[in-house]
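User: Please walk me through reading the features of a model like this one, general idea before the case at hand.

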Amino acid sequence: MPNFDEQIYAVLVQIPQGKVTTYGDVAKMAGFPRHARHVGKLLGALPKDSRLPWFRVVNAKGMISLVGESFTRQREKLLDDGVEVKENGVISLRRFQWDGHPI
């Protein structure tokens with residue numbers, strides 16, 4: 001897929017603080033609808049010290065998909081970012097989902 005990575009990163013950097021979006025929405029906004037799994041794989045391959053806001057991307061149910069230490073890391077980053085995250089990793093998409101428009 002030409003420029004897939006760059007297109008995904010371009011969407012990622014636009015997600016505002018205090019908001020989240022889904023893997024599928026990132027793929028769609030980048031011009032690659034139905035490639036949510038590819039987005040997840042790409043974000044999973046980012047280095048731990050990446051400055052991209054990967055943690056603002058959750059699954060279509062509004063939940064953190066990661067497990068273990070990675071789950072805890074994403075949850076803490078979201079909480080620090082101003083997003084309310086339940087103990088089980090659930091986030092209210094109604095309240096915190098970014099619609100893709102600049103704020």
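## Reading the model piece by piece

Analyst: Let's begin in a loop: E84 lies between α4 and α5. Helices here are DSSP runs of H or I with at least four residues, strands are runs of E with at least two, and both are numbered from the N terminus. This is a predicted model, so local features need pLDDT of at least 70 and side-chain atom pairs pLDDT 80 or more, while totals for chains, interfaces and linings use all residues. Residues are numbered from 1 along each chain as its sequence is written, and side-chain values use heavy atoms, with hydrogens and water left out.

User: Is E84 buried, partly exposed or exposed, and what is it in contact with?

Analyst: Buried means under 20% relative accessible area, exposed means over 50%, and partly exposed is in between (1.4 Å probe, protein chains only). E84 is partly exposed, at 45%. For contact, we ask for heavy atoms within 4.5 Å. Skipping neighbours within four places in sequence, E84 is in contact with L79, V90, I91, R95 and F96.

User: Which residues of α1 are buried, and what do they pack against?

Analyst: F4, I8, V11 and L12 are the buried residues of α1. Their arc is only 105° around the axis, so they too lie on the same side of their helix, α1. They pack against α2, α3 and β2.

User: How do I get from there to a core, and which residues have the most contacts inside the largest one?

Analyst: In soluble globular proteins, nonpolar side chains tend to be buried together. A nonpolar core is a set of buried Ala, Val, Leu, Ile, Met, Phe, Trp, Tyr and Cys residues joined through side-chain atoms within 4.5 Å. The largest one here has 29 residues, and V20, V39, L43, L78 and I91 have the most contacts inside it. At least two residues each come from α1, α2, α3, β2, α4 (68-80) and α5 (93-96). With four residues, α1 gives the most.

User: What should I make of R34's phi?

Analyst: Most residues other than glycine have a negative phi. R34 isn't a glycine, yet its phi is positive, about 70°. It belongs to the loop between α2 and α3 and is exposed, with a relative accessible area of 82%.

User: Last one: how much space lies in the largest pocket, and which residues are closest to its centre?

Analyst: On a 1 Å grid over the protein atoms alone, a pocket is an open set of points with protein on both sides within 12 Å along at least five of seven lines, where a 1.4 Å probe fits, and lining residues have an atom within 4 Å of a point. Points are joined across faces, edges and corners, and the volume is the space filled by probe spheres set on them. Here that's about 420 Å³. Of the 21 lining residues, Y23, G40, L43, G44 and L66 are closest to the centre. Two or more lining residues come from each of α2, α3, β2 and α4, with the largest share, five residues, from α3.

Notes: The arc is that of the directions from the helix axis to the C-beta atoms.
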